[in-house]
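Hello,

Here is the structure I promised to pass on to you.

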Amino acid sequence: MRFFSVENSLFLNKITKPVKSLIIGSSGQIGTELAKALREKYGYENVITSDIVEKNHPPYFYLADATDKNAVKEIILKEEVEEIYVMAAVLSAKAEQFPGRAWQINMQILFNLLDLFKEGYFKKLFWPSSIAVFGPHTPKHNTPQYTVTDPDSVYGISKLAGERWVEYYFEKYGLDVRSLRYPGVISWKVQPGGGTTDYAIEMFHYALRGEKYVSYIAPDEPLPMIYIDDAIQATLQLMEAPPEHIKVRSSYNLAGISFTPAQLVEAIRKYIPGFQVDYKPDFRQEIAHSWPDSVDDAFARQDWGWQHRFDLEDIVKEMLTNLQQHFYQDHDLIIG
Ligand code: AKB
């Protein structure tokens, strides 16, 4: 369990105190679900959230810019935060449009946290990496944990640099930083913004609205993807694992499933047969093509028991059911 224990010398019984976490970027796609999962497990008041946009409310929420080190430090001190999850980043497609800004934001947030960590302000850090660390010369199929990493996107370069830094801080200063190379994350509650893999989520929305979708990814381009529940489960499992089990201190490969746009369309058409799709690949297709088709996450499985639960069929059912129920009630779809 994820509790620090304090010895009570008089009665020799263990008093346990829940760990207090801070999620930076808590209003985004992964941050929203992570906050919910952590709060269900450890109590609402033990999970502090913060974002640059105000979608949540105080108490336990702070409107803050994570590139401002002092703003983050103030939250840590005020709330006695012990563990931090950094879910704020400029994703791949957006980063290609604003390279300098994306690099500055992604790296500044990480360095602020590494500095504060080194200065002793908290005890454990989760920092997300991505399949974007791989590049055109990486083996595409079942991409291993240790292989060629020659990303040619700004986002990928920032993630790879981040991986090198977190491992460096672990080796040099013993900082307990943990990381996952997320594939494309499929979720229904909050849409991501600015990612290459976002097409998969957009397809569900268009299908449910009865609109034609124009895919910016080619029909036969496979990409590694994961359902949000699996992504959250992996994050919690990694953070809860005893430190001696964490053998990869850069970032763990993480796999769910892989599919192409054409395969996703076919799976959605089982429920919405009239769903129309056109293909007009743009610069995001080039990014997608430089990423793996599938990744090998054997290290995550061996070291801390990772196993994904959701396959394509499960994801399609979950997405259509939840989106229909929460956003498109007027669409009379029956999912068996
Ligand atoms: C993106 O498409 O940029 C992200 C990612 C794979 O890191 N979803």
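Two strands count as paired if DSSP finds at least two bridges between them, and both helices (H or I, at least four residues) and strands (E, at least two) are DSSP runs numbered from the N terminus. Please keep in mind that this is a predicted model, where local features need pLDDT of at least 70, side-chain atom pairs count only at pLDDT 80 or more, and totals for chains, interfaces and linings use all residues. Residues are numbered from 1 along each chain as its sequence is written, and side-chain values use heavy atoms, with hydrogens and water left out.

Let me begin with the sheet. Three strands form an open sheet with mixed pairing, in the order S11-S13-S15. Strands S11 (184–186) and S15 (257–259) are at the edges with a single partner strand each, so one side of each has no neighbour in the sheet. S13 (residues 223–227) runs antiparallel to S15, and three bridges join them. In this pair, Pro224 is opposite Ser258 of S15.

Now to the helices. The axes of H2 (residues 69–79) and H4 (residues 99–118) come within 10 Å and cross at roughly 45°; axes are lines fitted to C-alpha atoms, for helices over the stretch in contact, and angles run from 0 to 180 degrees between N-to-C directions. At the contact (heavy atoms within 4.5 Å), Lys69, Val72, Lys73 and Ile76 of H2 meet Asn112, Leu113, Asp115 and Leu116 of H4.

Enjoy exploring!
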